[in-house]
Amino acid sequence: GSGGLGGFAVQFARWAGAQVAATCSGANVDYLKSLGVDRVIDYRSENISTAIKNWAPGGLDYLLDAVGVSTLPNALELVRAGGTLVSIPTLVDDGDYAAAATQARDVKRVFSTMDDINCAATLSKIANLLANGEIALPPIRELPLTEAAEAHRLIQSGHNRGKLILKVADL
């Protein structure tokens with residue numbers, strides 16, 4: 001929940017009125033609480049599955065996996081029948097869950113990809129939410145282009161808070 005995508009996802013979910021649980025390491029617990037997360041799960045000190053089952057005994061309506069299937073191999077078991085499991089391909093792994101298993105559990109499976117078709121209204125809404133202070137930008141860390149390998153290593157570790165950008169040149 002503390003990465004760039006996760007930080008936006010929890011804020012959008014809260015803005016839409018959802019109760020939100022998110023995982024992070026201990027160093028990011030306060031950050032996620034500041035974003036309004038109802039149940040912050042420190043994956044280093046808590047069992048994610050147990051924490052979710054205690055928080056949402058009937059299962060989750062919607063689970064967004066922004067890290068990869070290897071970090072939450074039993075994610076499908078946490079989603080209620082009729083719920084949705086969204087997996088996003090990452091540098092950690094492809095984030096895909098077996099189609100047959102999701103069908104058998106009556107869970108809608110979305111393998112997320114991004115496109116820019118008909119996105120103007122959504123981007124306008126996001127810009128308005130930012131301008132009105134209803135959501136916040138994630139922390140942004142700038143690295144010089146000469147540190148591209150380090151930036152890649154940080155992203156691939158799956159433990160980066162916010163977003164990394166590479167500065168190509170001074171203007």
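Hi everyone, here is a short tour of a few local features in this structure.

This is a predicted model, with local features needing pLDDT of at least 70 and side-chain atom pairs counting only at pLDDT 80 or more, while totals for chains, interfaces and linings use all residues. Residues are numbered from 1 along each chain as its sequence is written, and side-chain values use heavy atoms, leaving out hydrogens and water.

Let's start with the rings. How many aromatic pairs does a search of the whole structure find? It finds one, where rings of Phe, Tyr and Trp (its six-membered ring) pair if their centres lie within 6.5 Å, and planes under 30 degrees apart count as stacked, over 60 as edge-to-face and the rest as tilted. The partners are Phe 8 and Phe 12, stacked at 5.7 Å centre to centre with 20 degrees between the planes. Both sit in helix 1 (residues 4–15), four residues apart, so about one helical turn separates them. Helices here are DSSP runs of H or I with at least four residues, strands are E runs of at least two, and numbering goes from the N terminus.

Phe 12 has 27% relative accessibility and so counts as partly exposed; buried means under 20% relative accessible area, exposed over 50%, and partly exposed in between, with a 1.4 Å probe and protein chains only.

Next, Ala 101, which lies in helix 4 (residues 99–104). Ala 101 is partly exposed because its relative accessibility is 33%. Its C-alpha atom is 8.1 Å from that of Leu 76, 25 residues away along the chain.

Last stop: Ile 140, in strand 6 (residues 140–144). At 53% relative accessibility, Ile 140 counts as exposed. Thanks, everyone!
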